[in-house]
Amino acid sequence: MAQRNTDIIPTIPGLAYGGDYNPEQWPREVWDEDVRLMREAGVNVATVNVFSWAGINPGPGEWDFERLDAIMDLLAAGGIKADLATSTASPPPWFSQAHPETLPVNAEGVRLNYGARAEYCPNAPAYQAAVVEMAAKLAERYANHPALAMWHVGNEYYRSCYCDDSAAAFRDWLRERYGDLDGLNSAWGTTFWSQTFTDWPQVMPPRASAETPNPGQVLDWQRFCSDALLKLFRAEADAIERHGSDKPITTNLMVTGNFNGLDYHRWGEHTTGPNRLIATDHYLIPEQADGIPWSIQAAFGADASRGLAAGSPWLLMEQSTNSSAWRRGGFAKRPGDLVRHSLSYVARGSEGAMFFQWRASRYGTERYHAAMVPHAGADSRVFREVKQLGAWLKDLAEVKGSTVDARAAILLDFNSVWAAKTPGQPSADMDTYPELRRWHAALWRRGVTTDLANPAWDLSGYEYVFAPHLYLLEDDANLRAYVEGGGTLVVGPYSGIVDGNDRVHPGLPGALGDLMGVRVEEFRPIWEGETADLDNGWVGETWSEVAHAVDAETIASFKGYPETGAVFRRKLGRGEVWYLATRLTELDPFFDRVGVAPDFPGAPADLELVRRSHEDGRGYVFAINHGKDPAKVPATGRNLLTGKAWAPMLSLKPGECAVIREG
Ligand code: GAL
């Protein structure tokens, strides 16, 4: 949406293709075969040094770059670029023994041991100093190395810690936010249950307690934990730049909907812009699928990442070629999925497709994790698909720098996601992410590509904005401006309820009642297995409200309760706002009623169609047939995957893909 890409990973020719490469796990002779196979597969970038702290800094004050020099030189000689990690995600045993206070403490007060990975407290001064030193040393040595394409700071930031250092840092963060204890007491509503603080040392992280903790405290703790990790990322990034590097800096976030420990929109302010690149990892998680096919789950991750990048370049940094062994067993990707999921990501704006990992490990926890070169070696279906994908990505090089202009957005605010999970909710089932995924899937099936966008951003470019569950909202100003300016806003139930501190707005639905012209009198959660019928045939589940139109049209009511409404519409300014006072079991008939039109009218269901375009208008239609029948692709031009002309009467067989350069 916002700005167009200008300078897109200039250090990598074409789209990025490759994966995490851990040559330290292999004898030297395997490295040469690796580079030969990478070239055969069209790999042009490898992520190295992710877990090598023990190798380059084997003891206090000891530094040994011989192996990393050799790896970087090998890649440079092979024409492969390096996404050079700072290796700070996993301190080695010597470090943990020398600085036991850096080991993380859980909410129960147990200090965890080392022996796995990411065993650090983000707020421990010794760890903070060590990561800056590491980043500085690496930048000094490799800033001008010919292999260097970009920096990969840390790895999948997520660790939190409840130790005394963290408690002190939390207090500093709260002081900064609220000024004094009166401000904090008011924000957290500490008159409830006699929780009032009279001195700062009384303020603690939400450690395990006898009863449910204060929701304001829990929410601020999540914000603080996200900020503490962001501080670490920024400290490393600053050190890299201070020591002479001008290459892009990234870190692999997990913007996929199955992990929401960080406020990625806040992170986005520091991971987009000059010399920064948004990168994301996507692992399909069968137990979190909620019946949504993998193709649409992949699209969700991509749409969330594109939303976060807001027009800046972004990249799928990790995914799996097949099963991810650390999840519940018994799942494998179907043949062709690794290509289809990667193309779906590229269709949706990613500047390439990367994997964890290049070569399957022989040992360690992830010894059964899939790879581009599986244990079976190069003579395998997976490697053949890896080569196919590499060849296609090369053919798609000209797509780099083009963007997707989505007509619709789904609103996502991490603060709201967290707040909706705080203790003491009227229904434990009003969870935000599953609902966002459900709406996203319904819109995908309807042929509407959506950005996942923050409610505070400029939304004026969108035809439709969907807010499936926006529980926390300070005020309606931005959404009102969007509607009055001509947008169509669709709001799901239990939205606008609390302010930024999870305090219930007076008069429901709080922040949104005036805008929607609706008054909510009561929440009426619906027990699992039960439903609420609407008088127009639609059905609600999980949640219902006793709601009245104040200045809105009632489109449907609950059967037997005609005096209250279930679906409302209000025309306002040049736009309109819809409100659902229940979770509809089927969203499609409702979207029909709202009049949500597909991006490509008349296209078959299960045909994923997304358009990327350059600023000068050159456009590409990506088409992936996820259905069981042949599907006609409504585009004219040349299919870059085959080099042949494409006309709208041509169709793709089930499972096939095309990328049509229009014209
Ligand atoms: C990611 C992580 C990688 C690897 C991968 C396995 O979350 O960044 O290091 O562990 O998972 O799926």
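**Cores and helix pairs**

Author: The largest nonpolar core has 141 residues, and those with the most contacts inside it are Leu396, Phe466, Val567 and Phe590. A nonpolar core here is a set of buried Ala, Val, Leu, Ile, Met, Phe, Trp, Tyr and Cys residues joined through side-chain atoms within 4.5 Å, where buried means under 20% relative accessible area, with a 1.4 Å probe and protein chains only. This is a predicted model, in which local features need pLDDT of at least 70 and side-chain atom pairs count only at pLDDT 80 or more, while totals for chains, interfaces and linings use all residues. Residues are numbered from 1 along each chain as its sequence is written, and side-chain values use heavy atoms, with hydrogens and water left out.

Reader: Which residues does Phe590 touch?
Author: Not counting residues up to four places away in sequence, Phe590 touches Val490, Trp538, Val567, Trp578, Leu580 and Leu584, with contact meaning heavy atoms within 4.5 Å.

Reader: Okay, switching to helices: at roughly what angle do H5 and H8 cross?
Author: The axes of H5 (residues 125-142) and H8 (residues 215-242) cross at roughly 30° and come within 8 Å; axes are lines fitted to C-alpha atoms over the stretch in contact, and angles run from 0 to 180 degrees between N-to-C directions. That makes H5 roughly parallel to H8, a label for angles under 35 degrees. Helices are DSSP runs (H or I, at least four residues), numbered from the N terminus.

Reader: And which residues of H5 and H8 make the contact?
Author: From H5 come Tyr127, Gln128, Val131, Val132, Ala135, Ala136 and Ala139, and from H8 come Leu232, Ala235, Glu236, Ala239, Ile240 and Arg242. The residues of this contact divide into ten nonpolar, one polar and two charged.

Reader: What about H1 and H3, how do their axes lie?
Author: The axes of H1 (residues 28-41) and H3 (residues 66-77) come within 11 Å and cross at roughly 25°, and the two helices are therefore roughly parallel to each other. Their contact is made by Arg28, Trp31, Asp32 and Val35 of H1 together with Arg67, Ala70, Ile71 and Leu74 of H3.

Reader: Last one: how many residues of H11 are buried?
Author: Helix H11 (residues 337-347) is mostly covered, with eleven of its eleven residues buried, including Arg340, His341 and Tyr345. Just after H11, Gly349 takes a positive phi of about 125°.

Notes: Buried < 20%, exposed > 50% of the residue type's maximum accessible area, 1.4 Å probe, protein only. Parallel < 35°, antiparallel > 145°, perpendicular 65-115°, else oblique. Nonpolar A, V, L, I, M, F, W, Y, C, P; charged D, E, K, R; others polar.
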